[in-house]
Amino acid sequence: MAKIQLNGKKITIKTNISILELLKKYKLNNKKIAVEYNGTIVQKINYKKKFLKNKDKLEIVHFIGGG
Amino acid sequence: MKRDYFKISNKVFKSRLIVGTGKYRSFVETAKAVKASGADMVTVAVRRINILDKKKPILTDYLNPKKITYLPNTAGCFNSKDALRTLRLAREMGGWKLVKLEVLGDKKTLYPNMIETIKSTKVLVKEGFKVMVYCTDDPILAKELENCGACAIMPLASPIGSGLGILNKTNISLIIKQSKVPVIVDAGIGTPSDATIAMELGCEGVLINSAIANSKKPIIMAEAFKNSVISGRQAFLAGRMKKNLIAKASSPKKGII
């Protein structure tokens with residue numbers, strides 16, 4: 001198991017799962033989000049290549065209403 | 001009459017009214033108000049997704065980004081670093097290059113920090129973004145932004161969400177006169193007549209959020225703003241009459257009985 005920080009919250013996940021697998025787990029649509037991995041933006045094509053490890057920090061954002 | 005296009009960075013828009021999508025009571029109301037406003041561009045914010053509540057509705061379910069132009073905004077950013085991070089994420093989300101930059105300087109007034117704003121504009125332009133920039137109504141700083149490559153200058157009418165209307169018409173006019181890129185009044189518009197004044201001064205467009213969302217009936221208010229922007233634009237194109245200090249009768253003197 002690996003402990004990561006997702007959008008500021010600590011969660012425990014299986015070791016060696018990719019960002020793509022994590023997104024699937026949370027049923028998130030790739031097209032409507034953007035991902036930042038340890039402070040660096042991850043291109044969509046690299047979601048399946050990026051594997052999560054202990055202490056990683058992940059930010060997943062989307063568009064909301066705003067002025 | 002020649003068709004009057006509203007062009008920002010070579011993209012043509014039908015409406016000169018841009019609306020914000022914040023502060024509405026529901027997404028249904030947001031969608032209805034946007035429709036009533038006739039706007040084909042809306043501002044949106046970038047925020048963390050709610051991982052735990054998957055059933056929570058999201059904006060894109062109600063406003064289709066393929067049918068309406070999303071203008072990602074950096075609302076809530078108080079420094080260049082955060083603003084750049086936000087817009088780079090927005091671009092990654094779906095290729096958005098046309099963005100609105102807003103770097104705030106103070107939590108109470110939400111006045112823009114122009115030093116950080118200019119710094120961010122330079123970086124974003126270099127990275128290929130088309131940047132519409134929220135700014136103070138200072139003509140010197142507005143010119144500086146244009147020189148840095150901003151594709152639209154967006155001076156405030158008055159502080160964000162204040163509804164105070166245009167506080168300095170002279171400065172807005174000076175900015176319009178000197179700018180080669182569209183000038184769009186952003187922030188502080190309180191009621192449709194304020195928007196009409198902005199358009200009569202020669203603004204290319206206006207951006208409204210709170211004045212619609214915080215009204216008692218946002219959908220009706222959205223339509224009122226649509227009409228006010230059209231009126232103001234037409235009046236600007238028609239050219240107003242000269243002001244006279246003394247009266248001039250409308251009816252001829254000849255034939256008075």
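Predicted model: local features only at pLDDT ≥ 70, side-chain atom pairs only at ≥ 80, totals over all residues.

Q: What makes two strands a pair?
A: Two strands pair if DSSP finds at least two bridges between them. Helices (H or I, at least four residues) and strands (E, at least two) are DSSP runs, numbered from the N terminus. In β4(B), V44(B) is the bridge partner of G65(A). Strand β5 (residues 57-65) of chain A is joined to β4(B) by 5 bridges, and the two run antiparallel. Since 5 bridges are found and at least two are required, the strands are called paired.

Q: Why is the link between D61(B) and K32(A) called a salt bridge?
A: The term requires a side-chain nitrogen of Lys or Arg within 4 Å of a carboxyl oxygen of Asp or Glu. The closest N and O atoms of D61(B) and K32(A) are 3.5 Å apart, so the pair meets the rule. Across the interface of chain B and chain A, 3 salt bridges are found.

Q: Which elements of chain B give two or more residues to the side that touches chain A?
A: They are β4 (41-48), β5 (69-73) and α2 (80-94) of chain B. The contact (heavy atoms within 4.5 Å) takes 30 residues from chain B and 26 residues from chain A.

Q: Why is T21(B) called buried?
A: Buried means under 20% relative accessible area, exposed over 50%, partly exposed in between (1.4 Å probe, protein chains only). T21(B) has a relative accessible area of 4%, so the residue counts as buried. T21(B) is found in the loop between β3 (17-20) and α1 (27-37) of chain B. Beyond its neighbours within four places in sequence, T21(B) is in contact with residues including I64(A), G65(A), V44(B) and N209(B).

Q: Which buried residues does α1(B) hold, and what do they pack against?
A: In α1(B), the buried residues are E29(B), T30(B), A31(B), A33(B), V34(B), A36(B) and S37(B). They pack against β3, β4, α7 (210-213) and α8 (218-238) of chain B. Just after α1(B), G38(B) has a positive phi of about 75°.

Notes
Residues numbered from 1 in each chain as written. Chains lettered and ligands numbered in written order. Heavy atoms only, no water.
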